[in-house]
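Hello,

Here is the structure I promised to pass on to you. Please have a look at it first, and then read my notes below.

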Number of protein chains: 2
Amino acid sequence: MSKKLTKRSEDYSKWYNEIILKADLAENSAVRGCMVIKPYGFAIWEKMQAELDRMFKETGHQNAYFPLFVPKSLFEAEEKNAEGFAKECAVVTHYRLQNDPTNEGKLRVDPEAKLEEELIVRPTSEAIIWNTYKGWIQSYRDLPLLINQWANVVRWEMRTRLFLRTSEFLWQEGHTAHTTKNEALLEAKQMQDIYAEFAEKFMAMPVVKGFKSESERFAGAEETYTIEALMQDGKALQAGTSHFLGQNFAKAFDVKYTSKEGSQEFVWATSWGVSTRLIGGLIMTHSDDFGLVLPPKLAPIQVVIVPIYKGEEQLAVISNKVSGILKSLRSKGISVKFDDRDTFRPGAKFAEYELKGVPIRIAIGSRDIENNTLEIARRDTLEKQTVSQDDVIDCIENLLEEIQDNLFNKAISFRNNHITEVNSFEEFKEVIDHKGGFASAHWDGTIETENKIKELTKATIRCIPGNANEKPGFCVLTGKESDRRVLFAKAY
Amino acid sequence: MSKKLTKRSEDYSKWYNEIILKADLAENSAVRGCMVIKPYGFAIWEKMQAELDRMFKETGHQNAYFPLFVPKSLFEAEEKNAEGFAKECAVVTHYRLQNDPTNEGKLRVDPEAKLEEELIVRPTSEAIIWNTYKGWIQSYRDLPLLINQWANVVRWEMRTRLFLRTSEFLWQEGHTAHTTKNEALLEAKQMQDIYAEFAEKFMAMPVVKGFKSESERFAGAEETYTIEALMQDGKALQAGTSHFLGQNFAKAFDVKYTSKEGSQEFVWATSWGVSTRLIGGLIMTHSDDFGLVLPPKLAPIQVVIVPIYKGEEQLAVISNKVSGILKSLRSKGISVKFDDRDTFRPGAKFAEYELKGVPIRIAIGSRDIENNTLEIARRDTLEKQTVSQDDVIDCIENLLEEIQDNLFNKAISFRNNHITEVNSFEEFKEVIDHKGGFASAHWDGTIETENKIKELTKATIRCIPGNANEKPGFCVLTGKESDRRVLFAKAY
């Protein structure tokens, strides 16, 4: 593998794949469409999990764990949901292997060990969870039920891309039950807000909040709230969704509660999830032609210190000086690595941490020891400065915040420049085909028009913004009346 | 479900199941042999995970994630491992469902969507991981490779019990690669030590460290190190295992490295794991006829405060007083819950927290407000004391430590009283059939004798203690010569 990264302007898709491999984030596995998440990539996911898990718990949710498998009869109970996922289900049909009598040393499926009922590997867990909730919910006192699960799910995708679309992926799925429609709606919107806050504060990835058109809704939902991010190549990324499920699953699984007044009522439901896809969004929001760029709040290593030395004696003096800096930074909760490997030269280390997107790199050599200085390089702007060793802790603390802010500001400025109001189909195509980003356009509200536009331009309705400019107008394709503008884009 | 728990002396197995259901830890699911881990049970698992994960990282391990599925051809590559797990493998054969033409509204497996190669749902991940390591390991510089994975695995068990033996379970599996045999052996033993430390310090569950006889070894291992705990009913529980895999997987997957000297060498391997089975061990080590008893270090709620009041005015006064206590306890990192629900009486709350094993319960009523006192009840001894509100924080801190120590001391005293040296097969049977616990006996070292003893008594060799009394003697069954005593017991 060449050390040099393909430039984004040459081939964005190739650049994306290369950055994942070269920064040691993930790789394809021997299983079609399934990835191996390597330690550095997984460390980013762990940081994401920790923040999200905290936010979920602070809003009253508890974690639990439900089975990987869904019996077919449960899977098909909520018909729309089943229909939506049927075409991408991995199915377990047997529970035993045996020696292959025709092929020594090999195994085959034991034909005698066929399951009476096939098991679906969960593509999402509404069915198995709602079947369980039936036993947990009797009275209004049992509600709201606010549960989250961290899990792997499988959707047999035909075209896969690392992090963005893989046959198996890791995610969290929240599943809540409520006494009233309004409470469930508020929950679904609350989780959309939490996702947006996480994306913007931690990932430094600005998002548009809105809801989906009917044809883009989650299978089985009555409303899907989404956060949509914009990647550097002008394509949108659905980064998280939160669904108001109405009483669909309660009815499919007969989940009722006794109200305070003694009547039997179906409960109201939500579900919501984000996945390892977020790592794809993180990469495509900030990274550059030199490699990954990570926001400090999610960087597994926030600061790396590289010694510049000749001989062990110089290294000993530098190491001694560095040990104090390491201690001070760690006491501030800053994750810092001192790379004193003698098997690589400083230049190779610089390139490695640039590729891996470490926010701040410190270099310290013998002349720095004499001068009481060190060199600080920031990954986002690639700027370097020499600072006094006395100021290094304050400087790093400030710089981490500055980098986090700078990444967000850069991304939101790019995003804002790529939401374009269009008033004709010519303008629409110009945005979609050339400028990229979101086209904010009037739409007549019909699935036919939505499909036609998709067919003509590959753009889909990413969302109907929640805070939309609700001024009426005329559909960009049909000229029919429209209530409000919606956001179209090509999407991952 | 009756509120009263079956007594251990009446039916230990029934008591075990009831405690899990009544304390809201887990339940059986609609999928044969798979459990639902409920929020309270999952919170215990999260506490276990946090400590183990910290210990793994402190010893240089990193987390990663590998695919759920193993293609059959990889699965069968290491023959002993494959043979060991073949009979309990869930197998994915198809990747799509379709509408059932003979049964409207129902789905069936699409016969056109048959996989070319079947996928095994991982029962353990050596095969998929070693196939991946082949690409990661080229040089001695890439070693040691110290990776851990938190994941679900599936072993199609015929007889299942909540936590102890379920078709799907959660675990961690470490998989490491080393340049030398000795380094791999040290790693395997280090992880056994970490498991033992975790069991004893956090679970307050004493364990015997040792290694397995050949017939009880992990399929594909050259040595299996184990920690064995003793349950209250005298049966042993294998609580964690760490395997020295020799070069078996390196050879099966052709994983070689270039040594410093330039030669090509196969790497040496270990793997090690603990699972949600630990929760079963935790329950059966400490709990009593009143319900669960949790060691403070793993209790999701360490302290519960129940107000005793009549009317809102009294509650307001108590709540005001309690808020200061809550704040002080939380600032010490103590997890405390104030249960001011008005839908349950104090007596019902007391019973609930007793069942759930909350280590300390505080009751505070109007008279306590007058007297500046409160009542503290500890779950392990069920003792109560009245203390001054001024002393409550110190008192709780000390008591949590005392309870943790007391549980361990009680358990190790029980365990030590149940390791019995036996010198005849009569004595052996007496221990196994009546007294329970471990029989420390001489064994002639043959699989035949091991099998015969199992057939006659249902006892198996739990381990050959690492620090064994290595005095020679004569086999308890055959009278043949023996190097050392080994521990036999009936086991879960």
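**What I found**

In chain A, strand β24(A) and strand β27 (residues 485-489) pair in the antiparallel sense over 3 bridges. Within that pairing, T460(A) stands opposite A489(A) of β27(A). Strand β24(A) has another antiparallel partner, strand β11 (residues 207-211) of chain A, with 2 bridges between them. There, G210(A) has P465(A) in β24(A) as its bridge partner. Strand β24 itself covers residues 460-465 of chain A, and 5 of its 6 residues are buried, so the strand is largely enclosed by the rest of the structure.

Before you go further, please keep in mind that this is a predicted model.

Stepping back to the whole of chain A, you will find 14 helices and 27 strands. Its radius of gyration is 26 Å, close to the 23 Å that the globule rule gives for 492 residues, so chain A is as compact as a globular protein of that length. The C-alpha trace spans about 80 × 70 × 55 Å along the principal axes of chain A. As for burial, 49% of the 492 residues in chain A count as buried. Looking at contacts in chain A with a separation of 6 or more, 67% of them are between residues 24 or more positions apart.

Next, the place where the two chains meet. One pair to look for is H94(A), whose bridge partner in β5(B) is V91(B).

Finally, a helix in chain B. Which residues of helix α1 (residues 12-22) of chain B are buried? They are W15(B), Y16(B), I19(B) and I20(B). Seen down the axis of α1(B), these buried residues fall within an arc of 130°, so they line one face of the helix. An α-helix has 3.6 residues a turn, so residues three or four places apart point the same way. Among the elements that cover the buried residues of α1(B) are β1 (26-28) and α8 (277-286) of chain B. After α1(B) comes D24(B), with a positive phi near 65°.

Enjoy looking through it.

Best wishes

Methods:
Residues numbered from 1 in each chain as written. Chains lettered and ligands numbered in written order. Predicted model: local features only at pLDDT ≥ 70, side-chain atom pairs only at ≥ 80, totals over all residues. Helix = DSSP H or I, 4+ residues; strand = E, 2+ residues; numbered from the N terminus. Rg over C-alpha atoms; globule rule 2.2 N^0.38 Å. Buried ≥ 20, exposed ≤ 12 C-beta atoms within 10 Å, placed from the backbone. Contact = placed C-beta atoms within 7 Å. Pairing = 2+ DSSP bridges. Arc of directions from axis to C-beta.
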